[in-house]
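Please keep the sequence and the model in view while reading.

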Amino acid sequence: MTRSTVAQALVRFLAAQYTERDGERHRLIAATWGIFGHGNVAGIGQALIEEDGMPFHQGRSEQAMVHAAVGYARQRNRLSAHAVTTSIGPGATNLVTGAALATINHLPVLLLPGDTFATRPADPVLQQLQVPGAGDVSVNDCLRPVSRSFDRIVRPEALIPAALEAMRVLADPAATGAVTLALPQDVQAEAYDWPEEFFAERTWRIRRARPDRAELDAAARAVREAARPLLVAGGGVRHSAAEDALRAFAERAGLPVATTQAGKGVLPHDHPCEVGGLGHTGTATANGLARAADLVIGVGTRYTDFTTASGTLFAPDARFLNLNVTGFDAHKQAALLPLVADAREGLTALTETLGDHPARPVTWAAAKAAWEARVTAAHAAPDDTARPTQTQVLGVLDTLVDATDILINAAGSLPGDLHQLWRTRSRDQYHVEYGYSCMGYEIPAAIGVLLAAPGRPVWALVGDGTYLMNPTEIVTAVQERLPLKLVILQNHGYASIGGLSEAVGAERYGTDYRHRAEDGGFTGPPLPVDLGANAASLGLRVLRPRTIRDLREALADARATTDPTCVYIETETADSVSGPPPAQAWWDVPVAEISTRPSAVKAREEYDRHVTARRRHL
């Protein structure tokens, strides 16, 4: 037996947990992020000093710490994760957004928020929420709906089963997400006699579930019989490291491969089977094939509304064959052909089961070439002395990167531009978080990726609205001497939602960063904010290009340096040539059914026209 506090025991236990997949072993909890307050400083804080087997990272924002942990876990294919500890009260509730993002994207993170006293020596204590009639409720209960597993450790001995269950969920590809162990501050500091076996090294083997034989035969039969199949690759392909298996299957069967935001990059952009992003932010090539497909083969996708164009994209008689590690997602779109299995195992088995069935000829090459011409036009910058548009910024960056670079984005207009226009060169180059599309994700996630992939160029691409949401972890990048490459695109407002607002008849209300005018609206001159100066004040080296020529030099400088660097560029408003192509599919954003404003009336007419195309695939 070993006598130690609950916090000391937990940290020592976490340091001895490993995962194993395909014969490779990884630390399950590779490090802990923390901001300390009265709810964890004397518990987990003290334990992290005493138990030196756990690396520690100092954060500045609780939400951002979770984003950093998520970025790390995604880059490590969910085989390794980070823990995040906070104090009770606001420190704990600040975790909720990050927890939701992790769970929605099926990415593991362990949350260790402090909690109010289990023994209730005083009632209430600082930052305690009192709920009459429910004395066991604390603010940490906000984390229940956004966690895949939640437990409150009110007795020392309860830590043993709770910690084991937490590791099981984190290591389960079908169940992973945010896992919360709420730790009352008095229990953290309480001593207990622990069995030595609790601290022994433990390896959690990551399952590669194989497909059921009957499901596999039905799936292979459907692929053979389909006249116009389309494969939709989602993030599950990347998590499974199934890119080679997907390539072999697509080439063997002669399938066009469209990608979701999470799946983009599973094939390089110039592979003959790759037809680009799918859905509202997708390419004309992929969406045209989707509208004609008689069989949609979804691999590792959740079929979000952007992917399905809010249920309007696929033909009414399309059948769905869904390969997914979770039965819940395998049955999406009322799939008559669910194939519940690991993506790599399922694709490999499908390829073998197809046998000598001849591959279909490539019929989409001309459409793909036409879209590539549109990409080139959007990237093109004919005048090097001009201020660049957003898509021209992407075009300049496209000329500088190689397969080692990683691009990170999450919100605003950039996800749409990147999904349509970015030419992905490697399986993990494209890191766009669009499951939750959380503003403020990019900078802390880039830090997590830098920790997971040292030596690789990592770019955080943000607009000014996103930057203002969460710039705090710049300080962490500076403290850790991480070569963060931050690109801030200054367009003076929420450009993406401004465009959407205009499209739905809301006239860009409240979306520009401008002074208030005499009529009360925000229609005056742009605000005189200097986000470059803000980034510099937090410790970044800041480059301020004004023209496309300047931008090319600044991005090359940022890529070459090992100093954390910001490229701050004011972008020009795009026109029909210099901007991205229009949306190639619809997205359902309900419009006011009754309005006195002509813009809203017109938008409602357009909405009614589109909504009639929505269908349920039964």
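Two strands count as paired if DSSP finds at least two bridges between them. In this predicted model, strand E13, residues 257-259, is joined to E14 by three bridges, and the two run parallel. One of the residues involved is Thr259, whose bridge partner in E14 is Gly277.

This pair belongs to an open sheet of six strands with parallel pairing, in the order E14-E13-E12-E15-E16-E17. At the edges are strand E14 (274-277) and strand E17 (337-340), each of which pairs on one side only. On average, neighbouring strands of the sheet are turned by 20° against each other, direction ignored. Helix H11, residues 284-292, packs on the sheet and touches E13, E14 and strand E12 (229-233). The direction of H11 makes about 100° with that of E14.

The remaining points concern the backbone in loops. Most residues other than glycine have a negative phi, and most peptide bonds are trans. Where do the exceptions described here lie? The loop between strand E7 (109-115) and strand E8 (149-152) contains Pro124, which is joined to Asp123 by a cis peptide bond with omega of about 10°. Gln127 lies in the loop between E7 and E8 as well, and has a positive phi of about 70° although it is not a glycine.

Arg78, also not a glycine, has a positive phi of about 65°. Arg78 is found in the loop between helix H3 (62-75) and strand E6 (81-86).

Is each of these two side chains buried or exposed? Arg78 has 13% relative accessibility and therefore counts as buried, the cut-off being under 20%. Gln127, with a relative accessible area of 31%, is partly exposed.

Methods: Residues are numbered from 1 along each chain as its sequence is written. This is a predicted model: local features need pLDDT of at least 70, side-chain atom pairs count only at pLDDT 80 or more; totals for chains, interfaces and linings use all residues. Side-chain values use heavy atoms; hydrogens and water are left out. Helices (H or I, at least four residues) and strands (E, at least two) are DSSP runs, numbered from the N terminus. Axes are lines fitted to C-alpha atoms, for helices over the stretch in contact, and angles run from 0 to 180 degrees between N-to-C directions. Contact means heavy atoms within 4.5 Å. Buried means under 20% relative accessible area, exposed over 50%, partly exposed in between (1.4 Å probe, protein chains only).
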